[in-house]
Amino acid sequence: MNRIVQGMNIKDLLKTVREADGYYITNTARDMSQSDYKNRILLHTDLMAAKEREKAGYFSLEITGGASVHVDILRKQVDPFLKLKLLREAMPNTMFQTLCRGVNLFGYRPYPQNVIRFTVKEFAKYVDVWRVFDFMNYIPNMKAVFEEVQAAGKILEPCICFSTGPEHTDDFYVKKVGEILDVTGEDIVLCIKNHGGLGTPKRIGDLVSSIKNKYPDLVLHYHGHNTDGNDIGRITEAVLHGANIVDASDHSFTGFYGPPPVLTVMQTLEGYGHKAVTVDAEAVIATSDAIRDQRPHYDIFESQFRGFLPTVQIHKLPGGAMGSSLEQAEKGGFLDKMPDILHKELPLVQKELGNYWSVTPGSQILWTTAVSNVQGGERYGNVSGDLRNLLLGKYGPFPFYKPAEWIYEKVLGADWQKVLEEEGGIEDIEDMDIDKERKTLTDRIRRKPTEQELVLYLQHPNDAVEFFKFEAKFGKVYVLPPSIFLKRGGFELGEDITFTDHKGKGHLISIGPAQMNEEGETTIYLTVDHHNRRYIMAAEQKAGVAAAQSEIGKEEIEELAAVGDVRAPFMANVCEIAVEVGQEVAEGDKLVVVEAMKMQTPVLAKIGGVVESVTTKVGDAVKPGAKLVKIKTGNEEKEGK
Amino acid sequence: MKKKILVANRGEIACRIIRAIQELGYTAVAIYETPDNAALHISVADEAVWIGDGPRCDYLNIDKIIKVAKNHNIDGIHPGYGFLAENPHFSQACADNGITFIGPTAEVISQLGDKVTARRIMAEAKIPMVPGTDNLPADETEAVKMALEFANRVKYPIMLKATAGGGGRGIRQVDNDAQMKEQLQIARAEAKAAFSNDNVYMEKVVVKPKHVEVQIIADQFGSTVHLGTRDCSIQRRNQKLVEIAPSLIKDQKLLDEICETAVRAAKAANYTNAGTVEFLIDKDMNYYFMEINTRIQVEHTVTEMVTGIDIVRTQIKLAFGKPLSFKQSDVRIRGHAIEMRINAEDPQNNFMPEGGKTVTTYRSPGGYGVRLDGFVYQGFTIPQVYDSLLVKMTVFGYSWNETVDRLRRCLTNYVITGPKTTIPFYLQLVNEPQFQSGDFDTSYLENHPELLEYKDDDSEVNKLAALIAEIHHKGFNPYAA
């Protein structure tokens, strides 16, 4: 057996893989959860699968990273570190793999160097394989993570992000591989990151051949998505041309935009005489059988569109962003415009913006730009802060060509050349005062945080604090299965709910009646381990109140802004308030920054004056037309007097 | 005809008194203000009369209560503790209206309620007292002069006390001459505001004393007996939290002497009915008279447990003119009793009251040697406007160790959810070696801040159940949306 186990040193590991008579498989459970279930697969389900997945003999289990770290604390209410710790207990041998966005870590914006290093150090205690990428394939953006992973003695797996188009030649990619090897040395696994599942099988076979020709000893890991239904074809070609490791996941949970089934990959390649050397097909089947009955509970998180999308070859959205994009389209009420957005506008924007790689956070920039181009009427008329940063080169240089001048002018204004000169280029982000942040966190949660809690806080300050408060109030909720945690429509009267808490103690909760009083307060009666308990739920806000405050048209929002009544431009979360009451502002000054789809957009003053009131706060979820800031103009004052 | 007794109080003490009334075969009448309309004392009483919206004003309204009493043909009124219990006008009003006041006469309450008069009476009876003064002169300059002279004689620290104060209120410590000059005015202003009487007097501070008190009981025929000692040293800011009977001082001769002194003090004051004579005992075992409380006390239960005498029942009988049915030699102290005041307070948040919260679970301990005097039940919402005492748990045991063990068992078995309570704090206390050894004085809590360091005991399943309730109520999990 040539099984790879957790703790092997990189040289032994690479040697084993190179000499193996066949290929290896990584189970990308995290990517499947992100691409096909909006990242909602609970730790409870992963723990159910743990025993068989451990037995299955994968190269690694990709179980953290990407957007999952954020979603863990935001929507699954589980500590991403504790999750890894518990899985490690259940799976002592299997290597755990993460997906790290380089300088953007597990988030959407560059972090300071010291935060990057601190974060990688803490996660490296649990994570063996570090797949690291940058959406501009700009190697300096990944350097700090490379260094920390290597310093921690973990397996470094840098990526070349892959896409299609005339610029995306084998020569280009082979050269990129060389650039990476220059920085990392030869003891790495190299990943071809095909996050969109783009290109024909032949195209992938050619690429693998070209890289292998130049670097015959390089261990290659092919990562793809099954959005068009043909990733098995690409995987097959990759392996036939020398790829050592490929990605797939458990068939009872496979969907449309994530990985294809492990078993199908094995069966297909077996026909060509290639064996998945250490994978136990029985355990692969048993894994799917063990968790199959959990899938219906995740139904609401599956894609709005069911079926493969071969048009991905046109719009190139990464599998990991498909689900959330469609969800946004549904919530925003523009699902019907998707064909236009996906098949016309997005490919056009893609070309106009330099045909870089559509993956986080670059894919969100392309997507929000395309959506606002279609929805807003005027192309590039409503510019996100992140698009501005992209043009300013804050994410790194454009790999092939720069956007046309008219786009710079639209985004940066008439004097765009001056702006570009003054503000352009990658910024050195100042180190954060981590001790100060630790103190702030201590104040906010009224206890000393652990170093890992601090790491989470540095990534997502408000969401981390909310999570810590949630845990103090509701306990370790990862013990609840999706049938409880994701229950919709309430339980049946008299229904018995059983679960085992984190200390291994079994519990029984029976659902009793609910009673509402005159004030609208509802009392829920539960029998908890045979004791009667009452839970009082505050009255719901009257329906219609919230709706009445918003939902005004785009034109009206702009008219109001022109007289100093600044409203939210679209449904978003307020992430920064840049002014305070009494402050003087000039036209074009930043007032508030809102965030939607992880993209930040500044709301600028359309008129100069003095800030009279600020009616929102950081963290507010606002609907289009919600009041943000009021500016009192000089004119008004004169008139008043 | 069956006697009708009105209980001019609320909470656990109202329930306690109602029990005694009913055991005597009398009719118990409760009164209540609106915030108490779901209170237990209403439902356990034979009749209940609403006296107003309150809060805390109708329970204090003598005219209203007397009127209710007359309308309902009340024979006697028991005032409990707090509210009107030590208001001589109330006792007088009862007397004037031909209603039996279950407590001492207005004159006795008035004399003993005035700390200076009380000291004068005790001085005449040669009761040992902490060196102190009469009321300080109203003139500021003279008052300061007198204060400084006194301080020079007995040495600091010294207490400035409001003559009309009590229950731990209206007291200020002064450590030097400069402070004295400054604090005197403040103490006066405070006394004026709190008790409508700006008289203040001084007492030497007994450093780290034990607080020992003697339960006395006297009939109207000159018979006065004591029911032994109680130790109330475990206090927080002069408010008692834990009381034990008898005092654990090993010198029985000293305790006997203190008890006899208490009887002498009561006699000197012409005391009738039940009362408590409080003493401070310094580290050299000198004891000093502090005051006489002219009411039934919260902690009377411990004395009942170790003597077997129902004090409230006895109070009622004596008030209606019966002689004491036992002599001093009949009173035997057997075993030990500890009472803990289980309050709806958050000890970790400066004992902040948790009023307004609903008791979601109430499971009380029971069994041998356990007595509960409370008024909460599952589903009861604690009114915000009254004190935070939920239930007094009194445990009895043959030896001190047995009693502490029983206390620990009962605290562990006590489940109250909804409001935070002092139970987890008491659990820390019963496990603390100095408490277990029985050797503590009034500085005990100050010296054991670690008692507050416990983990919130809301169990994991209750937290998870709270989430399940929310998922059930909303029809989806709002934290996973």
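Begin with chain A: its secondary structure comes to 26 helices and 20 strands. Keep in mind along the way that this is a predicted model. Colour chain A by burial and you'll find that 45% of its 641 residues count as buried. Now think about how the chain folds back on itself: take the contacts in chain A between residues at least 6 apart in sequence, and 72% of them join residues at least 24 apart.

**Stop one: a crossing pair of helices in chain A**

Select residues 338-352 of chain A, which is helix H15, together with residues 362-375, which is helix H16. Their axes come within 9 Å and cross at roughly 115°. Which hand does the crossing have? H15(A) passes H16(A) in a right-handed crossing. Show side chains where the two meet: H15(A) brings Asp340(A), Ile341(A), Glu345(A), Leu346(A), Val349(A) and Gln350(A), while H16(A) answers with Leu366(A), Thr369(A), Ala370(A), Val371(A), Asn373(A) and Val374(A). Sorted by class, that contact holds 7 nonpolar, 3 polar and 2 charged residues.

**Stop two: another helix pair**

Move along chain A to helix H20, residues 434-445, and helix H21, residues 451-459. Here the axes are 10 Å apart and the packing angle is about 100°. Angles of 65 to 115 degrees count as roughly perpendicular, so that is how H20(A) and H21(A) stand to each other. Pick out Glu437(A), Arg438(A) and Leu441(A) on H20(A), then Leu454(A), Tyr457(A) and Leu458(A) on H21(A), and you have the residues that make the contact. By class they come to 4 nonpolar, no polar and 2 charged residues.

**Stop three: strands in chain A**

Next, select residues 522-528 of chain A for strand E11 and residues 531-537 for strand E12. The two run antiparallel, joined by 7 bridges. E11(A) and E12(A) form a hairpin with 2 residues between them. Zoom in on Asp529(A) in the turn, where phi is positive at about 45°.

Further on, strand E18 of chain A (residues 609-614) pairs with strand E15 (residues 584-585) through 2 bridges, in the antiparallel sense. Glu584(A) has Val610(A) in E18(A) as its bridge partner. E18(A) also pairs with strand E20 of chain A (residues 627-632), again antiparallel, over 4 bridges. For that pairing, find Val614(A) and its bridge partner in E20(A), Val629(A).

**Stop four: over to chain B**

Chain B has 16 helices and 20 strands, and 49% of its 481 residues count as buried. Of the contacts in chain B between residues at least 6 apart in sequence, 65% join residues at least 24 apart.

Show chain B as a cartoon and look for an open sheet of 8 strands, with antiparallel pairing, in the order E13-E12-E9-E10-E11-E14-E19-E18. Which strands stand at the edges? They are E13(B), residues 287-293, and E18(B), residues 370-374; each has a single partner strand, so one side of each is left without a neighbour in the sheet. From one strand to the next, the twist averages 25°.

Inside that sheet, select E11(B), residues 239-245, and E14(B), residues 336-343: they run antiparallel with 4 bridges between them. Val242(B) stands opposite Met340(B).

**Stop five: an enclosed helix**

Select residues 300-307 of chain B, helix H10. How many of its residues are buried? The count is 8 of the 8, so H10(B) is largely enclosed by the rest of the structure. Among them are His300(B), Glu304(B) and Met305(B). Just after the helix comes Gly308(B), with a positive phi of about 80°.

**Last stop: where the chains meet**

Bring chain A back. The contact takes 24 residues from chain B and 36 from chain A. On chain B's side, select helix H16(B), residues 460-474: it supplies the largest share, 14 residues. By class, the side of chain B that touches chain A divides into 11 nonpolar, 10 polar and 3 charged residues.

Conventions. Residues are numbered from 1 along each chain as its sequence is written. Chains are lettered from A and ligands numbered from 1 in the order in which they are written. This is a predicted model: local features need pLDDT of at least 70, side-chain atom pairs count only at pLDDT 80 or more; totals for chains, interfaces and linings use all residues. Two strands pair if DSSP finds at least two bridges between them. Axes are lines fitted to C-alpha atoms, for helices over the stretch in contact, and angles run from 0 to 180 degrees between N-to-C directions. Angles under 35 degrees count as roughly parallel, over 145 as roughly antiparallel, 65 to 115 as roughly perpendicular and the rest as oblique. Two residues are in contact if their C-beta atoms, placed from the backbone, lie within 7 Å. Ala, Val, Leu, Ile, Met, Phe, Trp, Tyr, Cys and Pro count as nonpolar, Asp, Glu, Lys and Arg as charged, and the others, Gly among them, as polar. A residue is buried if 20 or more other C-beta atoms lie within 10 Å of its own, exposed if 12 or fewer, and partly exposed in between; C-beta atoms are placed from the backbone. A crossing is left-handed if the near helix is turned anticlockwise from the far one by less than a right angle, and right-handed if clockwise.
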